[in-house]
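Here are some friendly notes to read alongside the model.

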Amino acid sequence: MDTGDELIALELSSSAFADRERTEAFHQIYGREILKLEIEPLPDTALQIDIKLRALPGMSVAAATASPIFCRHTEAMIDNDDPVLVFNLDGTAIHNQNGHETCLGPGEAVLTTNGLPGTATNPTTRRVVTWRISRALIAPLVRNFDDAIGRPLDRGNPALSLFLDYLGIVNERQTLANAAMRRAVVNHMIDLGALVLGATPDAVELANMRGVAAARMRSIKTHIRAQFGNPGLSLDSVAAKQGISKSYVRRLFEAEGTSFTEFVLNQRLASAYKMLTDPSLAGRSISEIAHRSGFNDISYFNRSFRRAYGASPSDIRMRK
């Protein structure tokens, strides 16, 4: 599977194909051409599928919501042996492949492959995320890879939630605007995918240094951006939220040439600057804006703001 070195984004909905002729066109585009599947609605149900597809070099991620359907991957459709990790978010599904029948509930996952025929039945409306990766990139990193095909994954594996959380990065166009970052994200996903499937010792070591660190850092920054206005945000609280040590959090920031304290401060100052230059907030006092940005000490806020922007908060407000 080669997508070049670009981010490819595709969104499709069966609602755009209202009549039978257009529905067949949807089957052709979405099912047979993209997913290599025959898709049929279950009896007495109307077909409704909404999908977002993101493709990077060597991998793709699809997030879909589907009405009750039956899917078939036939021998005639096999043109590659890429594995596909299927994460069931809501609803239920029954997968049959490689001699195994796997029933999935919410929060469960299974490893499938494009290299073998198989079927999947959604008795209910289902939300699902799939990760397709080149076999050559993932199989050498996993113990007993072929034995895992068709079998459910261990939902207690801590790598599973880390993997799913990191998958969201494929929707961040600005983050993926750089080709080097796109390649790095693919490597991180391979690391995390290997951990989900049962990595070899060497792959575990590499994943902890690379993919796990990147996923942890992304999760930490997301948490800080959501909580910077909380004066109680601290290294202790973030480490506890992540289930990791404070020293590990420090090392992650040090690897990027900064610190936890500096990152939090920059988020708070940026928030204050944005509010100070927002005409709709002209009636808010500077002290209120400082508090809303997470500052308890107004003097410290004023000093930090002046160092960052070369002007006082009141000067910035007057310039807008």
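Which hand does the crossing of α4 and α7 have, left or right? The crossing is left-handed, a term used when the near helix is turned anticlockwise from the far one by less than a right angle, with clockwise giving right-handed.

1. Before the details, a word on the basis. This is a predicted model, where local features need pLDDT of at least 70, side-chain atom pairs count only at pLDDT 80 or more, and totals for chains, interfaces and linings use all residues. Residues are numbered from 1 along each chain as its sequence is written, and side-chain values use heavy atoms, with hydrogens and water left out.

2. Let us start with α4 (residues 158-167) and α7, which pack at an angle of about 65° with axes 10 Å apart. Helices here are DSSP runs (H or I, at least four residues), numbered from the N terminus; axes are lines fitted to C-alpha atoms over the stretch in contact, and angles run from 0 to 180 degrees between N-to-C directions. The angle makes α4 roughly perpendicular to α7 (65 to 115 degrees; under 35 is roughly parallel, over 145 roughly antiparallel, the rest oblique). On the α4 side, Leu-162, Asp-165 and Tyr-166 make the contact (heavy atoms within 4.5 Å), and their partners in α7 include Arg-216 and Ser-219.

3. Next comes α8 (residues 235-242), which packs on α7 (residues 211-227) at about 125°, with axes 11 Å apart. That angle makes α7 oblique to α8, and their crossing is right-handed. Val-238, Lys-241 and Gln-242 of α8 meet α7 residues, among them Arg-216, Ser-219 and His-223.

4. Helix α6 (residues 201-209) lies at about 30° to α7, with the axes 3 Å apart. This makes α6 roughly parallel to α7. Leu-206, Ala-207, Asn-208 and Met-209 of α6 touch Gly-211, Val-212 and Ala-213 of α7.

5. Do look at the second largest pocket too, with its volume of about 380 Å³. Of its 18 lining residues, the closest to the centre are Ala-214, Met-217, Arg-218, Lys-221 and Glu-256. Helix α7 gives the most to this lining, with seven residues. (A pocket is an open set of points on a 1 Å grid over the protein atoms alone, where a 1.4 Å probe fits, with protein on both sides within 12 Å along at least five of seven lines; lining residues have an atom within 4 Å of a point. Volume is the space filled by probe spheres set on the points, which are joined across faces, edges and corners.)

Definitions and conventions
Helix = DSSP H or I, 4+ residues; strand = E, 2+ residues; numbered from the N terminus.
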